[in-house]
Amino acid sequence: MDVAPLIVTLEADPESQGRFDADRARWFPPARNLVPAHVTLFHHLPGDRAGEVAARLDRVAADRPRPAFRVASVMPLGRGAAYRLDLPAGDALRREIGAGFTLTAQDRGGLRAHVTVQNKVSREEARATLETLRAGFTPWDGQAHALRLWWYRGGPWEEVGRYPFAAT
């Protein structure tokens with residue numbers, strides 16, 4: 001019996017999260033918009049080690065201040081659009097969380113921090129969304145407030161836990 005993989009994401013500060021979620025509600029196909037806006041840190045951690053992963057996320061988040069990020073630009077995703085983030089602490093955070101786990105090729109690659117606000121639409125619709133988002137875009141600064149852990153069982157993600165970073 002295969003155990004479902006685990007996904008690890010970052011949750012943003014309330015102001016940024018609200019903006020990401022509002023844009024996702026506006027631009028993402030409703031039938032596919034099943035999870036809050038997020039930055040994915042890991043796409044596939046071992047589900048058979050869920051307790052260990054959860055304990056690590058709890059320790060990592062509790063031991064560090066909220067990571068700062070800058071929403072730097074709008075980026076194309078081929079059939080969607082996203083906000084590109086500069087997340088200086090992202091690589092160190094991923095190393096600490098992923099240490100000792102066998103990672104998939106996708107998770108071994110470098111972090112391309114972004115928040116997807118549209119996906120799985122036609123290229124034409126994605127291009128139009130990208131133009132609209134770029135026209136009104138101004139970079140802003142934010143913080144990650146929590147790590148979140150999810151089961152991926154082939155459909156909507158199931159939340160395992162939320163692990164807040166230490167307040168700054």
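**Exercise 1. Identify the bridge partner of Val 71 in β6, and describe how the strands around it pair.**

Step 1. Within β6, Val 71 has Trp 140 as its bridge partner. The model is predicted, so that local features need pLDDT of at least 70 and side-chain atom pairs count only at pLDDT 80 or more, while totals for chains, interfaces and linings use all residues. Residues are numbered from 1 along each chain as its sequence is written, and side-chain values use heavy atoms, with hydrogens and water left out.

Step 2. Strand β3 (residues 68–76) and strand β6 (residues 140–151) are joined in the antiparallel sense over 4 bridges, where pairing requires that DSSP finds at least two bridges between two strands. Helices (H or I, at least four residues) and strands (E, at least two) are DSSP runs, numbered from the N terminus.

Step 3. β3 also runs antiparallel to strand β4 (residues 81–86), with 6 bridges between them, and Arg 70 finds its bridge partner in β4 at Asp 86. The hairpin formed by β3 and β4 leaves 4 residues between the strands, and Gly 78 in the turn has a positive phi of about 85 degrees.

**Exercise 2. Decide whether Thr 116 is buried or exposed, and list its contacts.**

Step 1. Thr 116 lies in strand β5 (residues 114–118).

Step 2. Its relative accessible area is 15%, so Thr 116 is buried; buried means under 20% relative accessible area, exposed over 50%, and partly exposed in between (1.4 Å probe, protein chains only).

Step 3. With neighbours within four places in sequence left aside, Thr 116 is in contact (heavy atoms within 4.5 Å) with Arg 24, Phe 28, His 38, Leu 77, Ala 81 and Ala 82.

**Exercise 3. Determine which residues of α5 are buried, and what they pack against.**

Step 1. The buried residues in α5 are Ala 126, Thr 129, Leu 130 and Leu 133. They cover an arc of only 105 degrees around the axis, taken from the directions from the helix axis to the C-beta atoms, and therefore sit on the same side of α5.

Step 2. An α-helix has 3.6 residues a turn, so residues three or four places apart point the same way.

Step 3. The buried residues of α5 pack against α1 (14–27), β3, β4 and β5, whereas the exposed residues Glu 124, Glu 131 and Ala 135 are carried on the face turned away from the buried side.
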